Amino acid sequence: MSCGGRPRLGILGGTFDPIHKGHIALAQAALDWGLPRVFLVPSCLSYQKDVGRIAAASHRLSMAALAIEGLPGLEISDADVRRGGNSYTYQSLEDFGRKYPDEELVLIVGGDSLFHMESWARPERVFAGCRLLASLRPPVDRQALEDQRERLASKYGARIDFLEADMPEYSSTGLRAALAAGKEAEGLAPAVLAYIREQGLYGVEKDPQGVKEESDSRAVQA
């Protein structure tokens, strides 16, 4: 899909600790919506989370690369990790803007994010640097989202589209708890689960017979 002759490029950022099938389903729904490709961008550090409890960026990058293996249109960017420090969305967008000046950036977010984005660092630069594609997941107050879209458009010139798609409900927090308790974590791709076991992440007993090499062949500098 393009706008005024400009191709669009999707960006889905997050801690991805760990990346799960819900993240991948959202990225694929964005492809189905019309984006030719979507970059998943693991953060280095999140200023909104307890960094002491987050898996190392190298692990999260490797798990993301494993999760998208063989899925056309999905790529990994290590831009936030290379920048280091706290990861801010406006900086990610500016990095991509410099790398891809001829493409319209589309930031993929959950619909509820529209009510919180003004608390993000430099929200005016976020809205200026991209179009937003907000996913709608039940339960959702569609009218409230429509009203918020109009408010952000009026205040910041925000360009917001809605993405309606059925997606599985998984949470990284719940999956980490399940792994630590030795329970099933069906929201993880088999390769990601194997990596977690091989590396002994999230309280899982380390399995030396698991994945031997980190998969980073799909990570690109953006």
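The legends below describe several close-up views of a predicted model of a protein chain.

In this predicted model, local features need a pLDDT of at least 70 and side-chain atom pairs count only at pLDDT 80 or more, whereas totals for chains, interfaces and linings use all residues. Residues are numbered from 1 along each chain as its sequence is written, and side-chain values use heavy atoms, with hydrogens and water left out.

**View 1. The protein chain as a whole has eight helices and eight strands.** Helices (H or I, at least four residues) and strands (E, at least two) are DSSP runs, numbered from the N terminus. Of the 222 residues of the protein chain, 48% count as buried, where buried means under 20% relative accessible area, exposed means over 50%, and partly exposed lies in between (1.4 Å probe, protein chains only). Contact is taken as heavy atoms within 4.5 Å, and among contacts between residues at least 6 apart in sequence, 75% join residues at least 24 apart.

**View 2. The loop between β2 (6-14) and α1 (21-33) holds P18, and F16 has its place in this loop as well.** The peptide bond that joins D17 and P18 is cis, with omega at about 0°. F16, although it is not a glycine, has a positive phi of about 55°, and its relative accessibility of 2% means that F16 counts as buried.

**View 3. R122 is placed in the loop between β5 (104-110) and α5 (123-129).** This residue, which is other than glycine, has a positive phi near 50°. With a relative accessibility of 40%, R122 counts as partly exposed.

**View 4. G14 is a residue of strand β2.** Its relative accessible area of 24% makes G14 partly exposed. When residues up to four places away in sequence are not counted, G14 touches V41, P42 and S43. Although G14 and T89 are 75 residues apart in sequence, their C-alpha atoms are 9.6 Å apart in space.

**View 5. S92 belongs to helix α4 (residues 89-99).** S92 is buried, with a relative accessible area of 8%, and, leaving aside neighbours within four places in sequence, S92 is in contact with D80 and R83. The C-alpha atoms of S92 and I11 lie 9.1 Å apart in space, while the two residues are 81 apart in sequence.

**View 6. Helix α8 (residues 190-199) has V192, L193, Y195, I196 and E198 as its buried residues.** An α-helix has 3.6 residues a turn, so residues three or four places apart point the same way. The cover over the buried residues of α8 includes α2 (57-67) and α7 (172-180). Just after α8, G200 takes a positive phi of about 70°.

**View 7. The second largest pocket has a volume of about 210 Å³.** Of the 14 residues that line this pocket, G111, D112, R137, P139 and V140 are the closest to its centre. The elements that give two or more residues to the lining are β6 (131-136) and α6 (142-156). By class, the lining has seven nonpolar, three polar and four charged residues; Ala, Val, Leu, Ile, Met, Phe, Trp, Tyr, Cys and Pro count as nonpolar, Asp, Glu, Lys and Arg as charged, and the others, Gly among them, as polar. On a 1 Å grid over the protein atoms alone, a pocket is an open set of points where a 1.4 Å probe fits, with protein on both sides within 12 Å along at least five of seven lines, and lining residues have an atom within 4 Å of a point. Grid points are joined across faces, edges and corners, and the volume is the space filled by probe spheres set on the points.

**View 8. The protein chain averages a pLDDT of 89, and 88% of the residues score at least 70.** Over residues 47-51 the pLDDT is below 50, and this stretch has twelve contacts in the model beyond near neighbours in sequence. Residues 212-218 also stay under 50 in pLDDT, and for them the model has 19 contacts beyond four places in sequence. The pLDDT is the predictor's confidence in each residue, from 0 to 100. Where pLDDT is low, the predicted coordinates should not be read in detail.
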